[in-house]
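Please read the following note alongside the coordinates.

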Amino acid sequence: MQNKEKSKAPAVDSTMMILDLLASTAYPLTLSEICRETGIAVASGHRIINTMLEHQMVALDPSRNKSYCIGSKIFQIASTIYNKQNIIPFFYPIAEILKNEIHKSICLCVPIGNKVVVVSKVESSLSGAFNIYVGQTMPLHLSASGKTILAMRSLEFQESYFQAELKLNPSLQESMEQIQEDLERTRRLGYAVTHDEVGSQVSSIATPILNLRNEAVAAISAGIVGKTLNPQDARNYSKNMVQAARQLSARIV
């Protein structure tokens, strides 16, 4: 996990590495384990951990001697952000109906910066398992939910978004023509489709949730496991999904 690039803010990078590590492990870790996994020097790790303890970003776990877990401040921040998504209470009843209509797991995704984040999910027992979870983050242009949001934003927003993405990943320029075609198709059809987005043999389809200015503020997505979604099947699924998205859009004030 060690970051070999020279950092302009090594303490911040180390803090994020520690948080990522603790969030991904199933049990609390000691300082020596954290430093070994991240490559952080023990002396630096000790100072950073103590500061994180003061800010409640990590906590001492009583189940294991001198070990650390994610702190209460992280949950507090996440809860605050989650509660700002006032569309979530309306999502559940609509997603339950949609789930029973198309027999797929349904996700609610919102744009945060240049990413799209899964903020809620309703599981279908009839849908095959696939690797998508609440909190999952994806670039807007690489996910069905992100594409359907991006397609409904202004040209100025799209230009600003891709300028920033191209600075981070210049090789993206090679795919820009195809991406623009995908966005135009999405805007015309009212839904986006991607393949292998969250795993092999998984297609995703998403429809936008619009505010009163006709801007996409969120998206409903569904995962279809075990086959590549062909255009006719996508149209069939989209009828129910567009209806659900319109119902949610009507509840945005």
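1. In what order do the 3 strands of the open sheet lie? The order is β1-β3-β2, with antiparallel pairing; strands are DSSP runs of E of at least two residues, helices runs of H or I of at least four, both numbered from the N terminus. The edge strands, β1 (29-30) and β2 (58-60), each pair on one side only.

2. This is a predicted model, in which local features need pLDDT of at least 70 and side-chain atom pairs pLDDT 80 or more, while totals for chains, interfaces and linings use all residues. Residues are numbered from 1 along each chain as its sequence is written, and side-chain values use heavy atoms, without hydrogens or water.

3. β2 pairs with β3 (residues 67-70) in the antiparallel sense over 3 bridges; pairing requires at least two DSSP bridges between two strands. Ala59 has Cys69 of β3 as its bridge partner.

4. Helix α6 is mostly covered, with 8 of its 8 residues buried (under 20% relative accessible area, 1.4 Å probe, protein chains only). Among them are Lys147 and Thr148.

5. Arg153 lies in the loop between α6 (144-151) and α7 (155-168). Arg153 is buried yet has no salt bridge (a side-chain nitrogen of Lys or Arg within 4 Å of a carboxyl oxygen of Asp or Glu). The nearest side chain of opposite charge, Glu215, is 5.9 Å away.

6. A polar atom of the Arg153 side chain lies 3.0 Å from the backbone oxygen of Ala216. Leaving aside residues up to four places away in sequence, Arg153 touches Pro111, Gln158, Arg187 and Ala216 (heavy atoms within 4.5 Å).

Conventions:
Buried < 20%, exposed > 50% of the residue type's maximum accessible area, 1.4 Å probe, protein only. Lys, Arg positive; Asp, Glu negative; His and termini not counted. Polar contact = N/O pair within 3.5 Å; in protein donor to acceptor, adjacent residues only side chain to side chain.
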